[in-house]
Amino acid sequence: MKVLLAAALSVPLLASAHKAILPRQATTTPVPTPSPPISQGLPSGSALTPPATGSTLPSVSFSLAATNPTAIPVSLISSGTLTTATIPLTTIQPAGAVPTYIPGAPPLPDLSTVLPSDYPPLDKPPPIDHPLVKQWVAEVLASGIDIPNITVTVLGGCPANPEAAADQSRCWWTCGGCVDDSDITTCPDKLTWGLTHDDGPAPYTPNLLQYLSAAKLSTTFFNVGSRVISYPNTLRDAYMAGNQIAVHTWSHPQMTTLTNEEIIAELGWTRKVIKDVLGVTPLYWRPPYGDIDNRVRAISKAMNLIPVMWTRLSPTVTFDTGDFNVAGGTNSVSQVLSNWQNIISNASTINTGFIVLEHDLFLQTVEIATGYILPAALANNPPLKITPVIDCLHKPWNQAYLETNDNKTNPIPNPNEGKVVINGTNGGGAQAGGGSGSGSGSGSGNSNQSGGAVPSGVVHSGLLAIAGSVALALFAFLA
Ligand SMILES: [Zn+2]
């Protein structure tokens, strides 16, 4: 592998959050039902399979430094209840608006040209035979980055994949917490929290945005492409308000279960829809469930995406609030708040900052964040510095996005992104060979086969017809 990228405020009152205001944006778009518990490893079924609900969960004791006076009582936050109305966006960001906090940022595009029909079906693995996916596959191949030829895992996590789990060389985070130098897992400065929220934009994201704005906080959002095309104005509002926007895949799969082409399609479509909505392409991403190994890392690197995980001190001490599982009824609010108490306690004992797993997908996760976790964090003693990940890494904002990045001071791994030209009408040989059994992009990428049609090792020029000038520039760069 080549050298990797260098890698006590007052609590705002949110009375308006509880008014019965209808959401402004389309309500016909589904929000996925919750997955089984993340903290127990990879779910055994589909990421979108609802868990069993209705169980009575035990109450767990917790003690917080502060809570929001307008917080929904813990006893009222539970699965299946809707205690808070969504709130409308404060502003619909117009085309041409420019985020002045990002040096060199382009103006917001015209949303009227961003049509859902031009994107893959929601919450399904995107087909790999689309010309754009073939283009992205060609760009990955042209990167010259070595993609390890290791087996695709099967659904079910570590117990279902004993050989892969034991194979240290693949550095599979899911089984053992292996991290690569390129993975962002903490913030460098002690007591600094790189705030993150995953799986939106969603109907209750504006509620979180309102709290963040009132508290003068901003976060890093890891966005699902299927939600971005459903709630583009929410994404624009989050972006213009000073939040970092990053990639979290199109359909939220376990990435190590996908073929190379399926991984590229998931990341590529999410990057594209964010670019189409904001005008910028994120340079950071988070794998759903933290499911990453060296094959997934290499592909994401070739797509100029840096993985951001969450802090993990040991197999049993991870900075995961477990908030995702409240909506599905498999975790209690009191357990989440107890988890948070443990996280903040552990954070004060380590010499670095930290990153925590939280979500803005569900009403419950937003209520917990705005009512409890963030107010407690703001009142913490010793005080915490709470910033988006790009800030906590001491990186300038222009390095959060491809279009604003200065490639001289912050060279990206694959400068050929968007420059590879496919000769011919079939988009090259992206589907050829490789032993990929599914080849359909239908989400069945759970067969235990090699990584797919994108070959490991050097660029296989026989598979592709890259325009000569670009190829020359490429090999000059790689030399
Ligand atoms: Zn997620």
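Reader: Where is P382?

Author: P382 is placed in the loop between α10 and β10. Helices (H or I, at least four residues) and strands (E, at least two) are DSSP runs, numbered from the N terminus. This is a predicted model, where local features need pLDDT of at least 70, side-chain atom pairs count only at pLDDT 80 or more, and totals for chains, interfaces and linings use all residues. Residues are numbered from 1 along each chain as its sequence is written.

Reader: And what kind of peptide bond joins N381 and P382?

Author: A cis one, with omega about 10°. The bond from G200 to P201 is also cis, and its omega is near 0°. P201 sits in the loop between β2 and α4.

Reader: OK, zooming out. How many helices and strands are in the protein chain?

Author: Twelve helices and ten strands.

Reader: What percentage of the residues is buried?

Author: 54% of the 479 residues in the protein chain. A residue is buried if 20 or more other C-beta atoms lie within 10 Å of its own, exposed if 12 or fewer, and partly exposed in between, with C-beta atoms placed from the backbone.

Reader: Which residues touch the most other members of the largest nonpolar core?

Author: I264, Y284 and I299, out of 108 residues in that core. Helix α10 (residues 363-378) gives the largest share of this core, ten residues. A nonpolar core here is a set of buried Ala, Val, Leu, Ile, Met, Phe, Trp, Tyr and Cys residues joined through C-beta atoms within 7 Å.

Reader: What does Y284 touch?

Author: Not counting residues up to four places away in sequence, Y284 touches A246, L305, I306, V308, V389 and A400. Two residues are in contact if their C-beta atoms, placed from the backbone, lie within 7 Å.

Reader: Back to α10. At what angle do α4 and α10 pack?

Author: At about 20°, with the axes of α10 and α4 (residues 205-214) 8 Å apart. Axes are lines fitted to C-alpha atoms, for helices over the stretch in contact, and angles run from 0 to 180 degrees between N-to-C directions. Angles under 35 degrees count as roughly parallel, over 145 as roughly antiparallel, 65 to 115 as roughly perpendicular and the rest as oblique. So α4 and α10 are roughly parallel to each other.

Reader: Which residues meet there?

Author: From α4, N207, L208 and Y211; from α10, V366, A369, T370 and L374.

Reader: How much of α4 is buried?

Author: Eight of its ten residues, so α4 counts as mostly covered. Those buried residues pack against β2 (196-198), α6 (232-240) and α10. One of the buried residues is L212, which has 23 other C-beta atoms within 10 Å. Leaving aside neighbours within four places in sequence, L212 is in contact with L217, S218 and T219.

Reader: What about α8, why is it largely enclosed?

Author: Nine of the nine residues of α8 (residues 294-302) are buried, so the rest of the structure largely encloses this helix. The buried residues of α8 pack against α1 (131-142), α7 (260-278), β5 (284-285) and β6 (306-307). After α8 comes N304, whose phi is positive, near 60°.

Reader: Sheets now. What is the order of the strands in the open sheet of three?

Author: The order is β9-β1-β10, with parallel pairing. β9 (354-355) and β10 (385-387) are the edge strands, each pairing on one side only. Two strands pair if DSSP finds at least two bridges between them.

Reader: How many bridges join β1 to β10?

Author: Three, and β1 (residues 192-194) runs parallel to β10. T192 has K385 as its bridge partner in β10.

Reader: And in β4, which residues point which way?

Author: In β4 (residues 244-247), Q244 and A246 point one way, I245 and V247 the other, and all are buried. In a regular strand the side chains alternate between the two faces of the sheet. Four bridges join β4 to β3 (residues 220-223), and these strands run parallel.

Reader: Last one. Is H394 buried or exposed?

Author: H394 is exposed, with 11 other C-beta atoms within 10 Å. Its phi is positive, about 65°, although H394 is not a glycine. C171 is likewise not a glycine and has a positive phi of about 50°, but C171 is buried, with 20 other C-beta atoms within 10 Å.
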